[in-house]
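Please read the points with the coordinates open.

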Amino acid sequence: MKVEFTATALRQLSTIAEELEAFSPAWAAEVGGSIERTLRRLSDHPFSGRAQDVPGVRKAVVLKGRYLLYYEVLLERGVVRMLAIVHPRRRRPYRDG
């Protein structure tokens, strides 16, 4: 499946990249690679994430940095759409269902 991002998820991803790059370019690269691997896994196995309290929304955890990827699967379009990307210390937009 193809992976798409909402404007919110893209903005959050950009902010994460900027913050990590300022902290440590090496760590930013590691986390970025881990996010990319998680996105590939979701592309291949879109229902591998945990269901959330809002119907249709799922959550995947990125191994490095523990970032949370909230997404929905749009089967009719063959798309996994990223809704939000947040660090677990920040306010979460959804809860485990």
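The points below cover the basis of the model, its cores, an arginine, an aromatic pair and a loop residue.

1. Basis. This is a predicted model, in which local features need pLDDT of at least 70 and side-chain atom pairs count only at pLDDT 80 or more, whereas totals for chains, interfaces and linings use all residues. Residues are numbered from 1 along each chain as its sequence is written, and side-chain values use heavy atoms, with hydrogens and water left out.

2. Main core. A nonpolar core here is a set of buried Ala, Val, Leu, Ile, Met, Phe, Trp, Tyr and Cys residues joined through side-chain atoms within 4.5 Å. Buried means under 20% relative accessible area, exposed over 50%, and partly exposed in between (1.4 Å probe, protein chains only). The largest such core has 17 residues, and Leu-20, Leu-42, Tyr-67, Leu-69, Tyr-71 and Met-82 have the most contacts inside it. Two or more residues each come from α1 (7-23), α2 (25-44), β4 (68-74) and β5 (79-86); α2 gives the largest share, five residues. Helices (H or I, at least four residues) and strands (E, at least two) are DSSP runs, numbered from the N terminus.

3. A separate core of seven residues includes Leu-68, Tyr-70, Ala-84 and Val-86.

4. Arg-58. This residue is in strand β3 (residues 57-61). Arg-58 is buried but has no salt bridge, and the nearest side chain of opposite charge, Asp-96, is 10 Å away. A salt bridge requires a side-chain nitrogen of Lys or Arg within 4 Å of a carboxyl oxygen of Asp or Glu. Polar atoms of the Arg-58 side chain do lie 3.1 Å from the backbone oxygen of Phe-47 and 2.8 Å from that of Gly-49.

5. Aromatic pair. The whole structure holds one aromatic pair. The ring centres of Tyr-70 and Tyr-94 are 5.3 Å apart and the planes are at 45 degrees, so the pair is tilted. Rings of Phe, Tyr and Trp (its six-membered ring) pair if their centres lie within 6.5 Å; planes under 30 degrees apart count as stacked, over 60 as edge-to-face and the rest as tilted. Tyr-70 is in strand β4 and Tyr-94 in the segment after β5, 24 residues apart. Tyr-70 is buried, at a relative accessible area of 0%.

6. Leu-63. This residue lies in the loop between β3 and β4. Leu-63 is exposed, with a relative accessible area of 67%.

How values were computed. Lys, Arg positive; Asp, Glu negative; His and termini not counted. Polar contact = N/O pair within 3.5 Å; in protein donor to acceptor, adjacent residues only side chain to side chain.
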